[in-house]
Amino acid sequence: MKYDTILVLDFGGQYCHLIARRIREHHVYSEIVPHDITAMEIKQIQERLNVKGLILSGGPLSVYEVDSPKMDVGILDLGLPVLGLCYGHQLIAYLTGGVIKPAEKKEYGITIAFVKKPVGVLKGLGGKQKVWMSHSDTVYKVSEEYEVLAYTENSPVAAFKHKKKPIYGLQWHPEVIHTEKGMEMLQNFIFEVCKCKPNWKMEDFIKRAIKEIRKKVGESKAIIALSGGIDSSTTTALAAKALGKNLTAVFVDHGFMREGEPEFVKKTFGKMNINFVTVTAKERFFKRLKDITDPEKKRKIIGEEFIRVFEEVARKVGAEYLIQGTIYPDRIESGFRKFSDKIKTHHNVAGLPSKMEFKGIVEPLRDLYKDEVREIAKKLGLPEKIVHRQPFPGPGLAVRVIGEVTPEKVEIVRKADKIVREEIEKSGLDKRLWQYFAVLTDTKSTGVKGDARAYGYTIAVRAVESKEAMTASFAKIPYDVLERISTRITNEIPEVVRVVYDITHKPPSTIEWE
């Protein structure tokens with residue numbers, strides 16, 4: 001069966017894969033392809049997929065920069081519907097004779113767009129729309145073949161369409177949740193403009209993932225990095241179906257886990273029908289991180305040390321392949337694509353050492369988001385406690401200690417994290433939150449405890465709402481809950497004298513502090 005498909009041309013934008021994710025939410029298949037794909041190559045893809053439309057992603061560069069990514073202009077003559085977003089919007093205008101210049105006033109965040117003509121992608125929308133902008137260049141004019149559909153206070157051409165062809169451009173990002181009618185805009189493109197049928201299901205992914213693991217590993221043995229989180233647990237379930245007894249799951253207790261977590265992982269996976277190994281490696285990890293304060297160095301050191309542990313286990317069990325639960329946000333934030341910026345290194349992506357003993361690394365979830373992984377986990381029958389477990393970074397509490405990581409600091413943030421989780425879950429707020437945790441900052445301040453001066457650490461509390469972790473909003477936690485958290489932390493942890501609450505969205509921040 002040939003799936004109706006929309007191809008996403010990748011120009012290096014942080015939300016590129018989120019676009020593909022949004023398309024798949026509508027049960028329409030999507031694939032990300034290089035920005036420099038040719039019209040002929042798209043025709044070749046048509047042999048295996050029913051390509052119904054193209055979306056050009058955003059990107060961090062200017063269309064005028066010499067080395068900025070361009071595309072084969074012949075794509076606009078294929079007769080396929082095309083939608084350019086942000087950089088893609090500017091690129092279509094640039095390639096067809098429009099005028100693009102640095103904006104007099106840059107637009108970042110929520111902006112009001114005024115819709116002049118609600119047709120095509122904007123069909124059914126009102127005259128004013130709250131949209132999410134993130135750009136420094138602006139389209140000031142389009143060629144005579146195009147017409148303006150919407151504008152903002154600072155962007156005279158915020159949306160356009162070709163007068164005869166199904167080619168559209170939007171300066172804003174409909175794929176992020178902050179654009180209120182973004183999903184309706186994408187639905188219009190997918191179903192009204194491209195005429196797609198919703199014929200792709202998540203079960204198809206499970207079959208492909210199992211097949212891919214078997215094909216890559218063959219008759220060899222493999223080990224899987226198992227942390228107990230939703231990503232590695234789901235990957236373990238897929239790999240177990242693919243490899244059976246040729247798989248060994250390895251849990252590394254590096255000393256940076258949350259309260260009670262090592263025991264939970266051992267209890268849960270120890271009774272599953274898989275080869276399960278626990279490696280206690282606290283001393284070696286703390287030793288490697290001594291005197292290290294730079295967050296990028298921390299992640300790289302942790303990533304390398306993980307690999308060395310896995311190599312030791314692999315030698316013992318005769319494994320040649322390493323399987324990881326890497327998901328897409330890990331890769332995009334590590335800047336793995338040519339034109340994407342590196343935001344932070346993830347220990348299991350850019351944090352991996354250049355030399356490894358493994359014949360290959362297998363990452364079956366590499367193109368998925370967290371909510372998609374949860375859906376797969378449910379279909380695979382994983383326990384509810386794992387399916388709904390909040391995300392936790394692979395380096396653990398080590399990246400929630402700002403500055404040098406020591407056993408004493410980790411213990412402080414572990415206790416604070418436990419209090420945050422207990423109070424959030426007691427209040428019932430956990431059901432609507434994506435993540436909630438504590439960070440031990442490197443800021444000390446003066447306080448008063450027992451009528452005496454105290455000088456101690458500052459704990460930052462972070463709680464966010466999100467759907468896929470590429471964007472997030474800080475959670476508006478009731479003051480009484482924050483008060484209980486603050487009171488407990490300062491009462492129960494002597495080293496802490498101050499608690500602050502992080503009220504920053506993503507972007508501009510990331511969810512984790514490091």
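**Close-up views of helix packing and sheet order**

**View 1. Helix H13 against helix H14 in the predicted model.** The axes of helix H13 (residues 407-426) and helix H14 (residues 479-492) come within 10 Å and cross at roughly 150°; axes are lines fitted to C-alpha atoms, for helices over the stretch in contact, and angles run from 0 to 180 degrees between N-to-C directions. H13 is therefore roughly antiparallel to H14 (angles under 35 degrees count as roughly parallel, over 145 as roughly antiparallel, 65 to 115 as roughly perpendicular and the rest as oblique). On the H13 side stand Ala416, Ile419, Val420, Glu422, Glu423 and Ile424, which meet Val481, Arg484, Ile485, Arg488, Ile489 and Glu492 of H14; contact means heavy atoms within 4.5 Å. Seven residues of this contact are nonpolar, none is polar and five are charged (Ala, Val, Leu, Ile, Met, Phe, Trp, Tyr, Cys and Pro count as nonpolar, Asp, Glu, Lys and Arg as charged, and the others, Gly among them, as polar).

Helices (H or I, at least four residues) and strands (E, at least two) are DSSP runs, numbered from the N terminus. Residues are numbered from 1 along each chain as its sequence is written, and side-chain values use heavy atoms, leaving out hydrogens and water. In this predicted model, local features need pLDDT of at least 70 and side-chain atom pairs count only at pLDDT 80 or more, while totals for chains, interfaces and linings use all residues.

**View 2. The open five-stranded sheet.** The strands follow the order S12-S11-S10-S13-S14 with parallel pairing; two strands pair if DSSP finds at least two bridges between them. Strand S12 (275-280) and strand S14 (360-362) stand at the edges with a single partner strand each, so one side of each has no neighbour in the sheet. On average, neighbouring strands are turned by 30° against each other, direction ignored.

**View 3. Strands S10 and S13.** Strand S10 (residues 222-225) pairs with strand S13 (residues 321-323) in the parallel sense over three bridges. Ile223 stands opposite Leu322 in S13.

**View 4. Helix H6, the sheet and helix H11.** Helix H6 (residues 230-243) lies across S10, strand S11 (247-253) and S13, at about 165° to S10. The axes of H6 and helix H11 (residues 370-379) come within 10 Å and cross at roughly 40°, which means that H6 is oblique to H11. This crossing is left-handed. Ile230, Asp231 and Thr234 of H6 make the contact with Lys370, Val373, Arg374, Ile376 and Ala377 of H11. Four of the contact residues are nonpolar, one is polar and three are charged.

Notes: Left-handed = near helix turned anticlockwise from the far one by under 90°.
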